[in-house]
Amino acid sequence: MDAFSVFGNPINHSQSPRIYALFSGEIGLSHSYARMLSPIEGEIFEKMLHQFFNMGGLGANITLPFKERAYALCNQLTKRAALAGTVNTIKKQMDGLLLGDNTDGIGLLNDLQRLNLLKQDSRVLLVGAGGAAKGVILPLLDYGCTVVLTNRTFARAKALEKYYQDSGDIIALPLPCLNTPDYDIIINATSTGIKGTIPPLSTSIITPEVYCYDMFYQEGDTPFLKWCHQQGARFCSDGLGMLVEQAASSFLFWHNIMPSVLPVLKTLRLELTQRSK
Ligand code: ATR
């Protein structure tokens, strides 16, 4: 049995096994890591996860759409997971209890810093109000950014505004109200990319200067970044860097060693480009 695994649905495109193989190769650590496809219905995810840990699993990554359910089943939470309300990394502790962490926020922040994008007064438009968005709001606010939150279902964005209102400068606005180019960074945290679609944003928010960041990645440009390019955006990045950064922080959480991010990101980018040819 593999000691580490990623749980999600869908899961077969997950790059996590490759990333951890590269990290552990660099550090010289034996690190078996598998993909687990869990059905969404009922409580099968919870049963599979407990079974994995009962049979010797040491650590798990949790991806779409289970991050909120993972939060609910952990025995203990790190501060950042408790504040995010979602879990993407679990560690089985010596006493058998499951400790949940969330490395998405630090992953995004590290990637935005790598791209030299983030300023303490950046005005960030965050599109989406699901698990992916929730994981990154607090780190952005803590950094000093103003966060404007929007979502197809406005009530979900409004609920997050309320939840985080004492943590920093955050406001929820309905999608139809976003008609002016007021943002330094626009982050797509919706799950639209998986379906090959984009969130219904007005073209008037895109300028040549705004930085467009998609948490999603794929072989070639994502649908959101294609759309941003078409509207004249010059600076775009997909979420591959965030993926590698959050995995590096998960690796640190499990093994107390921080692996190198840049060589792994370079290798993955090359592999993705070669696959899209
Ligand atoms: P995740 O954990 O990846 O965030 P999620 O909790 O299901 O998954 O959230 C998905 C996000 O993508 C939500 O913000 C969702 O909007 P709703 O709250 O209105 O459902 C957004 N989303 C999904 N499909 C969308 C679409 N076609 N257009 C706009 N937003 C979409």
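Ala, Val, Leu, Ile, Met, Phe, Trp, Tyr, Cys and Pro count as nonpolar, Asp, Glu, Lys and Arg as charged, and the others, Gly among them, as polar. The model is predicted, with local features needing pLDDT of at least 70 and side-chain atom pairs pLDDT 80 or more, while totals for chains, interfaces and linings use all residues. Residues are numbered from 1 along each chain as its sequence is written, and side-chain values use heavy atoms, without hydrogens and water.

**Exercise 1.** Determine which element gives the largest share of the lining of the second largest pocket, and how the lining residues divide by class.

*Solution.*
1. A pocket is an open set of points on a 1 Å grid over the protein atoms alone, where a 1.4 Å probe fits, with protein on both sides within 12 Å along at least five of seven lines; lining residues have an atom within 4 Å of a point.
2. The lining includes Arg80, Asn102, Leu109 and Asp142.
3. Two or more residues each come from α4 (79–84), α5 (104–114) and α6 (131–143), helices being DSSP runs of H or I with at least four residues.
4. The largest share, four residues, belongs to α6.
5. By class, six are nonpolar, three polar and two charged.

**Exercise 2.** Identify which backbone atoms lie 2.9 Å from an oxygen atom of the ligand.

*Solution.*
1. A backbone N or O atom of Ala129 lies at 2.9 Å from a ligand oxygen.
2. A polar backbone atom of Ala132 is likewise 2.9 Å from an oxygen atom of the ligand.

Definitions and conventions: Polar contact = N/O pair within 3.5 Å; in protein donor to acceptor, adjacent residues only side chain to side chain.
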